[in-house]
Amino acid sequence: MELLGIYNYWVFAVLLMTGFYAVVAKRNLVKKLLGLSLFQSAVFLLYITMGKVEGGTAPIFPEAGAAVFSNPLPQVLILTAIVVGISTTALGLGIVVRVKEEYGSIEEHKIQEIDER
Amino acid sequence: MIVMFGIFLLTLLVITAIAIVRTDNLFVAVMLMGIASLLIAANFFLLDAADVALTEAAVGAGISTVLFLGALALTSERERAKSWNRLLSFIVVAAAALILIYATFDKPRFGDPEAPVQVHVAPWYLEKTPEYIDIPNVVTAVLGSFRGYDTLGEVFVVFTAGIGVLFLLGGGKAGGAVPEEEIDEGLRHHLIPRVVGRVLIPFILLFGLYVQFHGEYGPGGGFQAGAIIAAAIILFALLEGENRALSVLPERVLLGLMACGPLLYGAVGLAGIIFGGNFLDYSVLSSNPVKGQQLGILLIEAGVGISVTGVLLGIFHAFAARDS
Amino acid sequence: MSALLDTLSWVLLTLGGLSVLIGGIGALRMPDLYTRMHAASVTDSLGAILVLGGIMLQAGWSLATIKLFAILLFLLLTSPTSSYALASAALLAGQRPFADASQDGEGPE
Amino acid sequence: MYYVVTIATLVTMGLALVRALLGPSVYDRVLAVNMLGTKTVLLLSVIAFLYGRPDFLDLALAYALINFIGVLAVLEFFRSRALRRNAERGARQ
């Protein structure tokens, strides 16, 4: 049971590093952005996990009976971060599209070859 | 039991993530990303974050898939090159993962009410929200009032990202081989999606407005509502073609929305100063401080919703306009 | 009366769970895309009706029931539409509906 | 009794994920995404009742309303790609 308590954090670590692997090792720019999205999701998961309180419920007061509530603060941070995340990902995709138009490729090493010429 | 559900969903999520990295077909990777978004939203809900789950649903279900597919249509859907220094990267990443996992053993137990995160400001927010603002949704209260500066910053980041995309992709078209009117038909020849879409779009818009203005009482708020309304218009553009969507909401209007949202937010902040309070202090907006806070939150949420709608639609149109 | 409703919702929920599960197995085991779609989409609709109907009986007359009804209505509208869109996209890309195991390894290329 | 439905839904989500990983064609994966979407709607509605907070059905409603936009985007993607390919072929001849 003790180990189950930190399973969420393990998932965070694995997810974070899976995304990071895509950013580091893959040469395709869209793939890198997908990796970045995974990385983001991992961070979101970490924050929300930390905000959970045992036996708590979402921090929205029900009509009757106050209960234990989970931490609202990480939720606020992540809520805005999700929308910011999609906008910045879109910006990245915009750059990739422009790179494709200029270089004719979205593979990193081909772009470097063209640059060195 | 619910903890076990969460663990099962997280395991599925890890499998999906690994599959995303391994596949060399980018289209498949985008589809798997949609699955990851569904799984993570379900997880957020299990972890008591209804507002966050709603945001992830609004963004992940429609918009992010549409944007990635738009980018794939403009680039390529195959990943041609093999990975770079695969072994070295794997060793580095695995080592970092092990270090992170080692660090988790010092973490407080999952759900521990005594954990350092839970004892500082959060109880204060939970305790003071009924007194100062008197709305049930603490998340909206913190987002709109207690941490209004943060949200203002985030809105400006979203605005900047939108402007960046317009700078990169707006203006001169790449020019394709397909005749304009043919590509612009959208799914007009597909009767079933068209009919269903026509029925549904008003409901999606209505639901977006409900989420916007019910955000003080249930899960919702400007960010979610903006994404949902943008999704409705994107659906219209998919069904009826780009140009019709643009004639409903012309580019000028979208730019106006993009700019008006942050401006409205900032103006509410300035109004606080004019009425003799601090920047973004809504208590002075009305004779009753609690009513003032509620009014301020309503206005800034409207600003957020307007700006998110404008930015997401602007980005979508920028991608779609290239695709011809 | 309430015991009757309770039993009824029990039955509906169990049947719903069962049909959802059958749909999942069908989508996994069927030989080609179109049969898989058939398995998935039909049980999807039935499972949604049964499960949401079961919960509705539990919820009684409240706002939740209306929301559940709305969810059911929209699911029944959107789920067949997306099945149609998917089948149409597959046909467009040249996937032929042959229930032959040797035919379904083709990608869209 | 909600647990029975929840477990059935979760297992089905697992099966759909297996289908998404196996493929073989991209359409099978889209099908899996679609299935997972409906299953998520059911899961979220059941869990809202499991938690005793039926006011959170908004989430399931959001998914029920906008989840099919992704699939329509896929259809549009293939349609415009087919058009572009035809045009390129025409230009070459």
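Start by selecting B:Leu191, B:Ile192, B:Pro193, B:Val196, B:Val199, B:Leu200, B:Phe203 and B:Tyr210 in H10(B), which meet C:Lys67, C:Phe74, C:Leu77, C:Thr78, C:Thr81 and C:Tyr84 in H3(C). Contact here means heavy atoms within 4.5 Å, and helices are DSSP runs (H or I, at least four residues) numbered from the N terminus. By class, this contact has 11 nonpolar, two polar and one charged residue; Ala, Val, Leu, Ile, Met, Phe, Trp, Tyr, Cys and Pro count as nonpolar, Asp, Glu, Lys and Arg as charged, and the others, Gly among them, as polar.

A word on the model: it is predicted, with local features needing pLDDT of at least 70 and side-chain atom pairs pLDDT 80 or more, while totals for chains, interfaces and linings use all residues. Residues are numbered from 1 along each chain as its sequence is written, chains are lettered from A and ligands numbered from 1 in the order in which they are written, and side-chain values use heavy atoms, leaving out hydrogens and water.

Now show the whole of H10 (residues 191–213) of chain B and H3 (residues 63–92) of chain C: their axes come within 10 Å and cross at roughly 145 degrees. Axes are lines fitted to C-alpha atoms, for helices over the stretch in contact, and angles run from 0 to 180 degrees between N-to-C directions. The crossing of H10(B) and H3(C) is left-handed, meaning that the near helix is turned anticlockwise from the far one by less than a right angle.

**Next, inside chain B**

Select H8 (residues 148–169) and H13 (residues 251–274) of chain B, whose axes come within 10 Å and cross at roughly 160 degrees. H8(B) and H13(B) are therefore roughly antiparallel, the term for angles over 145 degrees. Among the residues of H8(B) in this contact are B:Phe156 and B:Phe159, and those of H13(B) include B:Pro262 and B:Tyr265. The contact of H8(B) with H13(B) has 11 nonpolar, four polar and no charged residues.

**On to chains C and D**

H1 (residues 2–29) of chain C and H2 (residues 26–50) of chain D have axes that come within 12 Å and cross at roughly 165 degrees. That makes H1(C) roughly antiparallel to H2(D). Pick out C:Val20, C:Gly23, C:Gly24 and C:Ala27 of H1(C), then D:Met35, D:Lys39 and D:Leu42 of H2(D), to see the contact.

Six cavities of 30 Å³ or more turn up in the whole structure. On a 1 Å grid over the protein atoms alone, a cavity is a set of points where a 1.4 Å probe fits but cannot get out, and lining residues have an atom within 4 Å of a point. Points are joined across faces, edges and corners, and a volume is the space filled by probe spheres set on them.

The largest cavity has a volume of about 270 Å³. Of its 20 lining residues, select those closest to its centre: A:Ser37, A:Ser41, B:Met33, B:Glu56 and B:Ser64. The lining of the largest cavity divides into 11 nonpolar, eight polar and one charged.

**Last stop: how the chains meet**

Chains A and C do not touch, and their nearest C-alpha atoms are 13 Å apart.

Conventions:
Helices (H or I, at least four residues) and strands (E, at least two) are DSSP runs, numbered from the N terminus. Angles under 35 degrees count as roughly parallel, over 145 as roughly antiparallel, 65 to 115 as roughly perpendicular and the rest as oblique. On a 1 Å grid over the protein atoms alone, a cavity is a set of points where a 1.4 Å probe fits but cannot get out, and a pocket is an open set with protein on both sides within 12 Å along at least five of seven lines; lining residues have an atom within 4 Å of a point.
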